[in-house]
Amino acid sequence: MDRFEAMRAFARVVETGSFTKAADTLQISKATVTQQVQQLEARLRVKLLNRTTRRVNVTADGAAYYERVLRLLADMDDAETSLSDASSKPRGRLRVDVPSPFARMILVPALPAFYARYPDIQLALGVSDRLVDLIGENVDCVIRGGEITDQSLMARRVGDLQSGVYATPGYLQRAGIPEHPQQLADTHHRIVGFQWGRAGKVFTYVMHRDGERVAVQGRHVLVVDDGNAYLAAGLAGMGALWLPHYMAQPHVQSGELVEVFEDWQFEPMPMYIAYSPNRHVSAKLRVFIDWIVELMALHAPVINRSGR
């Protein structure tokens with residue numbers, strides 16, 4: 001029995017709650033994972049896991065052992081890194097999930113510079129606006145807009161997106177130019193709704209002007225859960241959009257979109273990079289996080305709130 005591989009298998013079963021999911025993320029068979037955990041239990045003479053038909057739960061002894069295994073595996077990775085050139089030349093596969101507009105307009109165009117610096121890192125890029133199970137899907141990190149509500153994740157704030165309200169000239173010609181944000185909720189005006197998370201809640205936007213604060217959700221006939229589809233719906237004249245400036249500016253310059261409520265201010269949307277605290281922050285993940293911080297400093301730097 002390879003004890004380290006058995007420990008890795010055991011840790012992944014604990015994290016995913018399933019032998020099948022653990023096998024999938026480790027890219028080995030379920031039978032191999034089962035055998036490794038059984039051999040580990042036999043060697044330790046301790047029951048580490050309670051198995052049911054639906055779920056695998058860790059025992060009290062297994063939970064204590066799991067914490068030590070995590071530290072041991074992290075130390076082993078650090079030792080291997082220090083004895084190789086991996087610290088100066090990070091390498092390996094990194095699974096990342098990012099919002100679709102961010103990928104299309106900021107991240108992917110900047111990747112040649114990333115690979116010029118780190119040619120041995122292989123990125124597997126998931127592009128979506130959905131909630132991602134980092135452990136279950138074996139994802140190393142996600143980049144998301146909005147506050148991170150999952151307290152089980154480590155999150156680093158990497159940027160603040162400035163936003164505005166935009167609509168097509170055609171829409172404004174048909175519906176008229178709204179004079180107050182509340183008109184988007186109380187009149188014939190329409191917005192394109194954006195749905196956040198599994199609950200299906202349509203996002204509410206907060207705007208300020210001269211001491212007045214307005215929270216607007218707006219009236220809509222269409223709700224989408226993808227940033228690129230959201231933008232496409234607005235460009236088709238389906239209603240007004242709340243957009244980060246980086247998404248809107250190319251279309252403003254081309255005349256496809258017009259900004260309204262320019263004298264109103266918006267709460268900036270924070271951007272975070274989040275990862276599981278149960279995962280060792282490898283050299284390749286560490287340099288990717290640092291690179292994202294550099295990238296966001298160019299496009300949407302974190303606002304210093306110390307003076308507020």
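1. The helices α5 and α10 cross in a right-handed sense (right-handed if the near helix is turned clockwise from the far one by less than a right angle, left-handed if anticlockwise). Helix α5 covers residues 100-117 and helix α10 residues 283-299; their axes come within 11 Å and cross at roughly 125 degrees. The two helices are therefore oblique to each other (under 35 degrees counts as roughly parallel, over 145 as roughly antiparallel, 65 to 115 as roughly perpendicular, the rest as oblique). Axes are lines fitted to C-alpha atoms, for helices over the stretch in contact, with angles from 0 to 180 degrees between N-to-C directions.

2. On the α5 side of this contact (heavy atoms within 4.5 Å) are F102, I106, L107, A110, L111, F114 and R117. Helix α10 contributes F288, W291, I292, E294, L295, M296 and H299. By class, the contact of α5 with α10 has eleven nonpolar, one polar and two charged residues (Ala, Val, Leu, Ile, Met, Phe, Trp, Tyr, Cys and Pro count as nonpolar, Asp, Glu, Lys and Arg as charged, and the others, Gly among them, as polar).

3. This is a predicted model, in which local features need pLDDT of at least 70 and side-chain atom pairs pLDDT 80 or more, while totals for chains, interfaces and linings use all residues. Residues are numbered from 1 along each chain as its sequence is written, and side-chain values use heavy atoms, without hydrogens and water.

4. Mean pLDDT (the predictor's confidence in each residue, from 0 to 100) is 86 for the chain, with 91% of residues at 70 or more. Strand β9 (residues 201-202) has the lowest confidence, at a mean of 71, and strand β14 (residues 258-260) the highest, at 96. Helices (H or I, at least four residues) and strands (E, at least two) are DSSP runs, numbered from the N terminus.

5. Helix α5 also meets helix α8 (residues 227-235): the axes come within 6 Å and cross at roughly 85 degrees. These two are therefore roughly perpendicular. S100, P101 and R104 of α5 touch G227, N228 and L231 of α8. That contact has two nonpolar, three polar and one charged residues.

6. Helix α2 (residues 19-26) packs on helix α3 (residues 30-44) at about 110 degrees, with the axes 8 Å apart. That makes α2 roughly perpendicular to α3. From α2, F19, T20, A22 and A23 meet K30, V33, T34 and V37 of α3. By class, five of these residues are nonpolar, two polar and one charged.
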